[in-house]
Each structure stands twice: as structure tokens, then as C-alpha cells.
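Let's take a walk through a protein fold, one piece at a time. Keep the picture open while you read.

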Amino acid sequence: MKLCATIFLIFLTLLSCKQGEEGSNDAFAKAESEKNEELATNQTIAQNDYASYGATISPENTLTKSEIAEKYASLAEGDTAVVKFQAPVNAVCVSKGCWMRLDIAGEEQVFVKFKDYGFFVPTDTDGGEAIVEGKAYLEEVSVDELRHMAKDGGKSEDEIAAITEPQRELRFMADGVLLKSE
């Protein structure tokens, strides 16, 4: 009889311990779920300040104009750097929105194209703020391409004809773009 009572008490103890663990797991899971919901809400609020194009990116951990200028200064021909930065939009392709120019430190500009020609930005984006994430690199640009870009940018025939030499440009291949909502 004592043996049966002892086994019964051990069984009850194990059963109550198991229920206690499930309860603590539920509490942990609930706290984790609430934390994830809060993060998602904060991210949604941050994303709502921007219109998103291309791959989904976040506005956090973004380099400034001067920081990206320093990064470009350290690049050699053939180097690439995966970065995310924020800068004002200086120009956009008026035909399709298939490229844009961003102002960085001083008179420097970065020419931004979009990965795999897979997305475009609105053609009326001039003057806004953009956050871009992707690959920074340097490139020698031919006269033909410079003239083509000048035409897409709405330059006059005289301005286009004045382009006679290739230029070394700061380039960027964007995976994703955030444009500041007005």
C-alpha cells in the first residue's frame, strides 16, 4: 500500500512539474510574440515614412552623405562595397525613372541604377530624399552612354553635344530604394 501511495505521489509531482513547464513556455512564447509584434509595428511605422521600391530595406543603419563620400574615396577601380546610405535626389530619368543621381559631399554625385532593371522610381522624384542599399563602385563611362543619360535627363541638344570625353563616375547598383514620403 505504501508503495502504491509513493508511486502515486511521484506521478502527481511529475505531472504538476510538466504542467508548470508548459505554463512557463506559454508565458515565454507570449512575451516573445509581443516583442515580435512590437518590432513589426515599429518597422511598419518607419516604413510608412517611405515609399519602397525593389528589395525590402529598412531605414536603420544608414550612412550619411559624408560617410559615403569617404567610402567612395577609398575605392579603387574594380572595387565594390555593399552599403546603405541616404542622400538628396538631384535628378531622375524623365523617361521611365530607371536611374537617379544623388548628391553627396561637395559637388559629387552618385549615379544610381536599379538591379536587373527590375524596378523604377517615380519620374517626379527630383528634390526628395532617398535611402539606397546595394553596391557602390567606380566606372569609366563612355561618351555614348553619357549622351544617352543626358538625353534621358532632359538636357538640351547643345548640352548633349558638349559631351566629348568619357568620365569616371561614382556608380551604385541599388537592390532596394526608400523614398521619403511627403
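## A covered strand

Start with strand E3, residues 99-103, in this predicted model. Four of its five residues are buried, so the strand is mostly covered.

E3 has partners to pair with. Strand E2 (residues 80-92) runs antiparallel to E3, with three bridges between them, and alanine 91 sits opposite arginine 101 of E3. Strand E4 (residues 109-114) is also antiparallel to E3, this time joined by five bridges. Here leucine 102 has valine 110 in E4 as its bridge partner.

## Zooming in on valine 89

Is valine 89 buried or exposed? This residue of strand E2 has a relative accessible area of 4%, and the cut-off for buried is under 20%, so valine 89 counts as buried.

Valine 89 and arginine 101 are twelve residues apart in sequence, yet their C-alpha atoms are 6.0 Å apart in space. Leaving out residues up to four places away in sequence, valine 89 touches a list of residues that includes Met100, Arg101, Leu102, Thr125 and Leu179.

## A helix against the strands

Now find helix H3, residues 143-152. Its buried residues are Val143, Glu145, Leu146, Met149, Ala150 and Asp152. They pack against E3 and E4, and also against strand E5 (129-141), helix H4 (157-161) and strand E6 (167-180).

Just after H3 comes glycine 154, with a positive phi of about 85°.

## Rings that meet

The model has four aromatic pairs. One of them is phenylalanine 85 with phenylalanine 172, an edge-to-face pair with 5.2 Å from centre to centre and 90° between the planes. Phenylalanine 85 belongs to strand E2 and phenylalanine 172 to strand E6, so this pair ties together parts that are 87 residues apart in sequence. Phenylalanine 85 is buried at 0% relative accessibility, and phenylalanine 172 is buried with a relative accessible area of 0%.

Tyrosine 117 and phenylalanine 120 form a pair as well: their ring centres are 5.0 Å apart and their planes are at 80°, so this one is edge-to-face. Tyrosine 117 is partly exposed, with a relative accessible area of 48%, and phenylalanine 120 is partly exposed at 31%.

Conventions: Residues numbered from 1 in each chain as written. Predicted model: local features only at pLDDT ≥ 70, side-chain atom pairs only at ≥ 80, totals over all residues. Heavy atoms only, no water. Buried < 20%, exposed > 50% of the residue type's maximum accessible area, 1.4 Å probe, protein only. Helix = DSSP H or I, 4+ residues; strand = E, 2+ residues; numbered from the N terminus. Pairing = 2+ DSSP bridges. Contact = heavy atoms within 4.5 Å. Phe/Tyr/Trp six-rings, centres within 6.5 Å; stacked < 30°, edge-to-face > 60°.
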